[in-house]
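Here's a quick briefing to read alongside the model. Have the sequence and the 3D view open as you go.

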Amino acid sequence: PYQGPSKEEVYALRKQYLSPALFHHFKDPIMITEGKMQYLYDDKGRRYLDAFAGIVTVSVGHCHPGVVDAVKRQSELLQHTTTIYLNPQIALYAKELTDRLPGNLKVAYFVNSGSEANDMAMMMARLYSGNYDILALRNCYHGMSEGTMGVTAHSTWKFNVPQGFGIRHTLNPNPYTGAFGNDGKRYAEDVKDVISTSTPGGVAGFIAETIQGVGGSVPLADGYLPAVYDMVREAGGVCIADEVQTGFGRTGTNYWGFQNQGVVPDIVTMAKGIGNGLPLAAVVTTPEIAQTLAQRLHFNTYGGNPVCCAGGRAVLQAVDEDGIQANAAKVGDLLLERMRGLQEKHSIIGDVRGQGLMLGVEMVKDRASKEPAAAETGQVMQRLRELGVLIGKGGLHGNVFRIKPPMCITTDDAEFLTEAFDLALSEL
Ligand code: PMP
């Protein structure tokens with residue numbers, strides 16, 4: 001059992017010594033002291049089903065034995081030197097990671113966070129194209145660095161400071177609330193319009209999540225990416241897929257989210273699930289685009305360190321050996337069906353969407369107006385915690401449940417989550 005400082009002491013320390021920018025779920029915050037695969041344990045030893053995976057980061061399971069072992073072994077051997085010397089871990093990892101990508105996406109650059117990866121991707125796009133403007137979607141989230149805050153299109157995350165110049169936000173192809181329903185081609189017309197009216201005619205690139213995460217598990221309307229990728233390439237730009245949340249089998253049907261729309265990007269950014277909780281992120285691109293960075297020196301002290309690379313390799317292995325992608329498809333389909341069942345029963349559920357273990361349940365006061373039911377979302381979330389389920393929340397109005405558990409979740413867990421959800425909704 002947990003024997004460290006009490007939750008009250010930890011809360012007091014956090015309030016006094018940590019940045020007030022940190023926010024926590026629940027008025028009476030929960031203190032998590034252990035994790036095992038799809039479960040979390042609080043300081044009192046109470047078990048929770050983790051339906052949010054450290055914000056979609058724990059891909060193959062909390063403290064997955066293979067990952068723990070790889071990190072432990074490498075930590076004992078060598079923790080750090082940087083890339084100024086050769087080391088086998090980063091070289092083998094780059095090969096193993098890029099082996100899992102289609103086309104000519106064969107060169108990796110390792111960094112430590114999703115924000116860094118997206119900054120790097122945008123810089124490469126600009127250097128390669130010779131253009132400056134980057135197109136992104138409204139309601140997207142790509143990070144909190146100065147550059148990526150400019151891309152992120154959510155007032156929640158935008159400070160009143162100069163940020164990410166040259167970003168043009170286009171219509172979000174949201175099948176539920178968007179004007180054109182699920183017709184991706186019609187939303188894509190806006191990209192053409194923005195290119196011709198708001199840029200010099202040429203663009204550096206286009207960046208999008210393949211299912212929006214923070215924005216509330218919003219899939220892109222059918223046919224959107226193929227149409228947009230053509231337009232962007234025609235305007236001299238490169239196409240960037242942010243796979244920070246959607247990669248590594250999470251969408252079930254495919255290893256990468258972009259494959260669900262039948263496209264191959266020019267640059268792919270990864271973070272979160274790539275390291276199962278380790279600070280690890282990557283930019284993968286073609287040799288031609290990667291070459292742009294060779295004109296100067298570029299360096300990242302922790303990027304590609306042996307410990308995180310060893311962990312990243314163990315994640316790839318676990319995804320394969322544990323049948324993670326197939327499980328995401330199976331349990332994801334079941335959850336989707338169960339949530340649709342709850343939608344029939346509870347009118348407060350306006351939309352159920354997503355793919356694999358990247359699901360969203362949008363709560364509305366009224367199905368016709370789709371007015372967000374934010375307070376009720378908070379209430380249900382609190383009740384779920386009491387029932388032993390930790391779920392995620394998102395969307396600009398905070399009215400979308402995000403179900404994105406560690407991908408080792410079982411069908412029994414899914415049934416438990418469904419029952420708890422049903423009960424919490426019934427009590428509203
Ligand atoms: N892209 C996406 C899609 C994300 O969800 C996030 C984090 N929520 C980021 C980028 C930024 O990652 P990080 O917090 O590691 O900088």
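Which helix gives the most to the shell around the ligand? That's helix 5 (residues 114-129), with three residues. Keep in mind that this is a predicted model: local features need pLDDT of at least 70, side-chain atom pairs count only at pLDDT 80 or more, and totals for chains, interfaces and linings use all residues. Residues are numbered from 1 along each chain as its sequence is written. Helices (H or I, at least four residues) and strands (E, at least two) are DSSP runs, numbered from the N terminus.

**Ligand shell**
- The ligand is surrounded by 15 residues, and the closest are Ser113, Gly114, Ser115, Gly143 and Val244; to count as near, a residue needs its C-beta atom, placed from the backbone, within 6 Å.
- Sorted by class, that shell has five nonpolar, eight polar and two charged residues (Ala, Val, Leu, Ile, Met, Phe, Trp, Tyr, Cys and Pro count as nonpolar, Asp, Glu, Lys and Arg as charged, and the others, Gly among them, as polar).

- Strand 7 (residues 205-209) is mostly covered, with five of its five residues buried (20 or more other C-beta atoms within 10 Å of a residue's own, with C-beta atoms placed from the backbone).
- Gly205, Ile207 and Glu209 point one way from strand 7, while Phe206 and Ala208 point the other way.
- Strand 5 (residues 134-137) runs parallel to strand 7, joined by three bridges, and Leu135 stands opposite Phe206; pairing takes at least two DSSP bridges between two strands.
- On strand 10 (residues 238-242), five bridges make a parallel join to strand 7, with Glu209 opposite Asp242.

- Four strands make an open, antiparallel sheet in the order 13-14-17-16.
- Strand 13 (349-355) and strand 16 (392-394) are at the edges with a single partner strand each, so one side of each has no neighbour in the sheet.
- Strand 14 (residues 358-363) and strand 17 (residues 400-403) run antiparallel and share four bridges, and Gly360 stands opposite Arg402.

**Two domains**
- The domain assignment (automatic or from a database) gives domain 1 (7-60 + 323-426) and domain 2 (65-321).
- Their C-alpha centres lie 25 Å apart.
- The contact (C-beta atoms, placed from the backbone, within 7 Å) takes 28 residues from domain 1 and 31 residues from domain 2.
- Helix 11 gives the most to the side of domain 1 that touches domain 2, with five residues.

Methods. Buried ≥ 20, exposed ≤ 12 C-beta atoms within 10 Å, placed from the backbone. Contact = placed C-beta atoms within 7 Å.
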